[in-house]
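Me: I would like a close look at one residue of this structure and its surroundings. Please keep the explanation plain.

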Amino acid sequence: MNLKDCHNFYDFRKLAKKKLPSPIFHYIDGAADDEITYKRNSSAFNDVDLVPNVLRGVENIDLSTTIFGKKLDLPFYCAPTALQRLFHHDGERAVGKAAQKFNTMFGVSALATVSVEEIASLIDTPKMFQFYFHKDRGLNSAVLDRVKAAKFDVMALTVDTITGGNRERDLRTGFTSPPKLTLSSLFSFVSKPMWGINYLTKGKFELPHLQDYVQEGTSTATSIGNYFSSMLDQSMNWKDAEKLCSDWGGHFALKGIMSVDDAKRAVDIGCTGIMVSNHGGRQLDGSRSPFDQLKEIVDAVGDKIDVICEGGIQRGTHILKALSIGAKACSGGRLYLYALAAAGQAGVERALNQYRNELERDMKLMGCTKISDLNRNNLKFRN
Amino acid sequence: MNLNDCYNFEDFRKLAKKKLPAPIFHYIDGGADDEVTLNRNTNAFNECDLVPNILNSVGEPDLSITVFGTKINMPLFLSPTAMQSLYHPDGDKASARAAEKYGTIYSMSTMASFSIEEVSNISNGPKIFQLYIHKDQSITDDLIDRCKDANFNGMCITVDTIVAGNRERDHRTGFTTPPKFNLESLMSFVMRPKWVFNYFTNKKFELANLKNKTDKGTNIAKSVMEYINEQYDPAMNWKDAEYCIKKWNGPMALKGVMSVEDAKKAIDIGCTSIMISNHGGRQLDGSRAPFDQVKAIRDAVGDKLEIILDGGIRRGTHVLKSLAAGATACSFGKAFLFSLGAGGQQGVEKLLKNMREEIKRNMILMGCKNISELDSSKLIYRK
């Protein structure tokens with residue numbers, strides 16, 4: 001199996017599984033507890049049907065959408081995800097360049113393995129920085145200043161990782177950052193020698209936004225769950241978010257909003273967008289899926305801020321359904337991470353291209369030529 | 001296993017799988033993307049229950065209905081399907097003769113492997129023609145004129161293939177017309193020498209209705225999907241459909257209508273019928289199932305349109321449920337293609353006999369003497 005055989009999400013997943021040491025694959029692939037929410041994130045899309053309109057003349061399709069004041073060529077983007085150089089030695093460089101090629105947003109994680117400065121010098125398309133609110137206030141303000149200096153377009157504060165989720169696959173495989181060789185994981189690292197060679201020869205593994213302040217994650221191996229629980233500030237509240245929003249002074253979003261009340265409060269503190277997200281099912285298992293919750297949230301705040309549906313996206317039709325309900329755009333992590341692991345930048349480009357082609361085809365089949373043609377009349381919820 | 005062992009859809013499917021090379025079997029069997037809609041088309045029937053009336057002195061029920069201005073002996077007919085000679089060398093001739101024998105409609109695809117004239121020479125049974133509107137209008141005009149000369153009873157314009165669906169099984173098997181032998185699929189051809197023998201000893205594969213107008217799909221090993229994308233007009237609109245209706249000047253359906261709004265428009269432009277269909281789940285995955293949508297459309301159009309439910313039909317009870325929910329008749333493609341692959345004309349006859357017996361038995365069990373007695377009072381939807 002190689003990149004040419006990848007026609008969809010599941011194919012990329014398979015190829016990624018072949019290429020990655022199993023602790024790393026399962027870090028991407030796994031979720032919290034029994035992974036109920038993780039599965040629901042995608043299956044929720046199947047409870048609603050698309051109802052197309054015919055004979056509308058659909059030669060030219062415009063997929064562009066505007067979020068956070070930036071016009072993107074696609075109504076979906078690469079959500080910020082941590083530790084990308086563990087998945088492919090080019091990491092964020094590969095994803096960023098692929099996103100630039102398709103003129104869509106690239107989200108950079110606080111736990112990124114390439115610095116905001118380097119990314120800013122590499123790509124000139126819209127960029128989002130994902131912020132973790134650390135106990136160390138010095139770290140927080142230093143990161144904010146660097147992101148400002150690097151002229152990122154959007155700041156997104158993650159609000160659903162106040163403590164680490166119970167990712168049981170990571171407990172079993174012993175996944176940590178940086179990766180640690182244990183007796184049980186030894187075989188899986190040895191059996192993927194290319195990964196090992198690249199990891200050791202293609203530049204030192206770093207967390208450039210954090211390593212001047214904390215040892216964990218770079219020189220001290222830690223699980224991501226542990227990192228959240230010990231490094232992030234559990235007393236973070238709406239005041240802190242409001243202050244960060246005004247300190248940033250630009251487009252600001254809360255990532256991980258699930259309730260209508262919180263969505264309204266996000267408007268009140270000056271946010272210009274929210275990501276309806278449960279962190280890809282990796283935090284609170286049994287929590288509601290973004291798509292199931294989207295309608296209520298759009299009804300409450302959709303005319304005031306940009307609502308992004310994040311999580312579970314595996315198909316163009318999933319994006320179509322979320323946009324029909326009123327999301328301004330969709331985003332996801334796994335939707336490009338498996339492709340990154342499978343083949344670096346070429347993999348991510350192939351994945352983004354497939355989603356774009358699917359969307360374009362699906363728009364034609366729906367009888368729609370532009371994103372604003374999509375509305376709830378296109379949908380029927382099953383009883 | 002042979003034809004005598006075929007009692008139901010699954011049996012015909014199994015036998016067809018044994019007889020057909022894998023790429024060809026999967027071309028029939030597959031749907032778009034994740035095949036969610038393909039599966040839903042049939043599963044939708046299970047969310048609604050039949051409620052029989054007893055002691056009705058039913059006797060021998062009358063299964064006849066009138067559709068496309070033609071009285072047929074059972075409320076189920078053969079959907080138009082392309083390239084039937086890939087499934088059995090007799091192709092459309094076998095299906096047309098079988099349909100005639102059971103007094104029901106044979107439908108010819110624009111992409112049939114025998115021509116309008118060839119089939120009308122061997123069968124006097126009721127026939128409709130499925131029209132694709134081509135970019136080159138002279139092809140469309142020519143087809144309509146020839147159907148008039150051949151005394152076809154009705155026509156339908158397919159409106160849900162504005163672009164080819166994403167049929168991933170075909171990507172994997174390398175399905176093209178005529179079949180392209182690659183190393184991977186070669187074995188499945190080698191294992192079915194009889195199919196290969198028939199393919200090479202019978203009439204050369206061609207798109208018989210189009211051979212004088214285009215060399216695509218005949219001389220060139222081109223996939224059906226590419227043909228659709230190149231030859232069908234994505235700018236097709238209501239005016240184009242209206243033009244064909246006027247030119248035909250007889251019973252005309254739009255095939256692939258799913259929304260209430262479009263069903264009403266179909267009346268306005270002079271259609272006598274619509275076929276509620278998502279192209280057997282082969283185009284827009286995640287779109288609504290015909291059975292889920294039929295009631296809403298019937299409620300909206302009253303008796304101004306004949307409604308043919310196309311998609312998911314595998315059992316006599318599926319037909320009964322469709323008629324009770326508001327359909328005038330049903331049609332099916334996959335089921336009869338498997339029977340054609342399994343045993344040519346004899347196979348299709350066996351299937352039609354099975355279905356007639358099932359419909360008849362179930363009518364008796366429901367306490368209905370004729371089709372018009374099947375109304376919404378006979379159904380209870382589960383919530």
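Which residues does Gln84(B) touch, not counting residues up to four places away in sequence?

Reply: This is a predicted model, in which local features need pLDDT of at least 70 and side-chain atom pairs count only at pLDDT 80 or more, while totals for chains, interfaces and linings use all residues. Residues are numbered from 1 along each chain as its sequence is written, with chains lettered from A and ligands numbered from 1 in the order in which they are written.

Leaving out residues up to four places away in sequence, Gln84(B) touches Gly91(B), Asp92(B), Ser95(B), Ala112(B), Ser113(B) and Leu340(B) (contact: C-beta atoms, placed from the backbone, within 7 Å). Gln84(B) itself lies in a loop of chain B, between strand E4 (76-78) and helix H4 (91-101) (DSSP runs numbered from the N terminus, helices H or I of at least four residues, strands E of at least two). Because Gln84(B) has 28 C-beta neighbours inside 10 Å, it counts as buried (20 or more other C-beta atoms within 10 Å; 12 or fewer is exposed, in between is partly exposed). Between Gln84(B) and Leu337(B) there are 253 residues in sequence, yet their C-alpha atoms are 7.7 Å apart in space.

Another part of chain B also has buried residues. In helix H1 (residues 9-19) of chain B, these are Phe9(B), Phe12(B), Arg13(B), Leu15(B), Ala16(B) and Lys19(B). They lie on the same side of H1(B), because they cover an arc of only 165 degrees around the axis (the arc of the directions from the helix axis to the C-beta atoms). Among the elements of chain B that cover these buried residues are helix H2 (22-29), helix H9 (193-201) and helix H15 (334-366).

Next comes the contact between the chains. Chain B puts 31 residues in contact with 26 residues of chain A. On the side of chain B that touches chain A, the elements giving two or more residues are helix H7 (168-173), helix H11 (238-248), strand E8 (252-257) and helix H12 (260-268) of chain B. E8(B) gives the largest share, 3 residues. By class, this side of chain B has 13 nonpolar, 8 polar and 10 charged residues (Ala, Val, Leu, Ile, Met, Phe, Trp, Tyr, Cys and Pro are nonpolar, Asp, Glu, Lys and Arg charged, the others, Gly among them, polar).

Methods: Contact = placed C-beta atoms within 7 Å.
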